Amino acid sequence: MDFFDLHCDTAFELYKRSLSFDNNELSVTKTSGKAFEKWHQTFAVWIKDDTENPFLLYKNIINDIKTKLINAPENLTPLFAIEGGSVIEDKPDRLEVLKKDGIKFFTLTWNGENRIAGGCKTDKDLTDFGIKFINRLNRLKIGCDLSHLNKKSFYSAIGYAEYPLATHSNCYEICSHPRNLTLEQIKLITEKSGIIGLTFYPEFLGEDIYEKIYENIFLLCDKGYENHIAIGSDFDGGKMSESLDKTSKIPSLYGFLEEKGLGKPLLDKIFYKNAHKFIAML
């Protein structure tokens, strides 16, 4: 099978803990995707809202992960993203630097707030600075990642974003966590050819991880969104269920969903093709 993951926090963990990509206990490692024919893995650089010298931290992490991926396996195509708009500070022209670094997606906030917008733990709306920033994302063809936003910022941002996606969020109707998106929000993303990366983080799913992922897929397909469903694992971003805590367990999830009656053509879209089609626009 092929696998495209829109989000993991492995880059931050490798940097913080001075680990090698070759051999460690993390969810995403050099060998964890060996079962895949094609493996596209997005490595997000996580920058907290209150980080001091956020751009310096970003440069340290992106240089570190690129160095550690020099001898990556042949089936792995690494991509890079930003999780946390505080990296911009008050310098929107930094976005050109990020583009040159290969950044494909930009998550506008983490859970707090910054000059761009407000995260899910705040009530702050998209700012005037944020509007100009999203327009800049559009010009540079960088995906505008709406995961982590509160509803007020989301509804403002979706009006400006030309390449919107949610790299790691689930359906609010399945699990009513503020980090998840309502069907109304998801509809707005799909209307702009965007995608939703279903995440494995238990707090955003509920109990019985495999079953809840199936329920998310079933609901989204029932609404006609089968061409907009993808995977954004959030591996190495928090404590995962033991049943789905490593990239090597993805084939098991695929098999479970197939046994539940989801056909291979649909699963191949969800696990690879939908995300690959989106990235081709950028």
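**Close-up 1. Crossing of helix 7 and helix 8.** In this predicted model, the axes of helix 7 and helix 8 (residues 250-259) come within 10 Å and cross at roughly 60 degrees, the axes being lines fitted to C-alpha atoms over the stretch in contact and the angles running from 0 to 180 degrees between N-to-C directions. Helix 7 is therefore oblique to helix 8, a class left over once angles under 35 degrees (roughly parallel), over 145 (roughly antiparallel) and 65 to 115 (roughly perpendicular) are set aside. Y210, E211, I213, Y214 and I217 of helix 7 meet S252, L253, F256 and L257 of helix 8, where contact means heavy atoms within 4.5 Å. Helices are DSSP runs of H or I with at least four residues, strands runs of E with at least two, numbered from the N terminus.

**Close-up 2. The buried side of helix 6.** Within helix 6 (residues 183-190), L183, Q185, I186, I189 and T190 are buried, that is, under 20% relative accessible area with a 1.4 Å probe and protein chains only. These residues lie on the same side of helix 6 because they cover an arc of only 155 degrees around the axis, taken from the directions from the helix axis to the C-beta atoms. Their cover includes helix 5 (151-157), strand 6 (164-166), strand 7 (195-198) and helix 7 (209-222).

**Close-up 3. Surroundings of R94.** R94, which belongs to helix 3 (residues 94-100), is buried at a relative accessible area of 14%. Apart from neighbours within four places in sequence, R94 touches F55, V87, I88 and E89.

**Notes.** Residues are numbered from 1 along each chain as its sequence is written, and side-chain values use heavy atoms, with hydrogens and water left out. Local features need pLDDT of at least 70 and side-chain atom pairs count only at pLDDT 80 or more, whereas totals for chains, interfaces and linings use all residues.

Note on methods. Buried means under 20% relative accessible area, exposed over 50%, partly exposed in between (1.4 Å probe, protein chains only).
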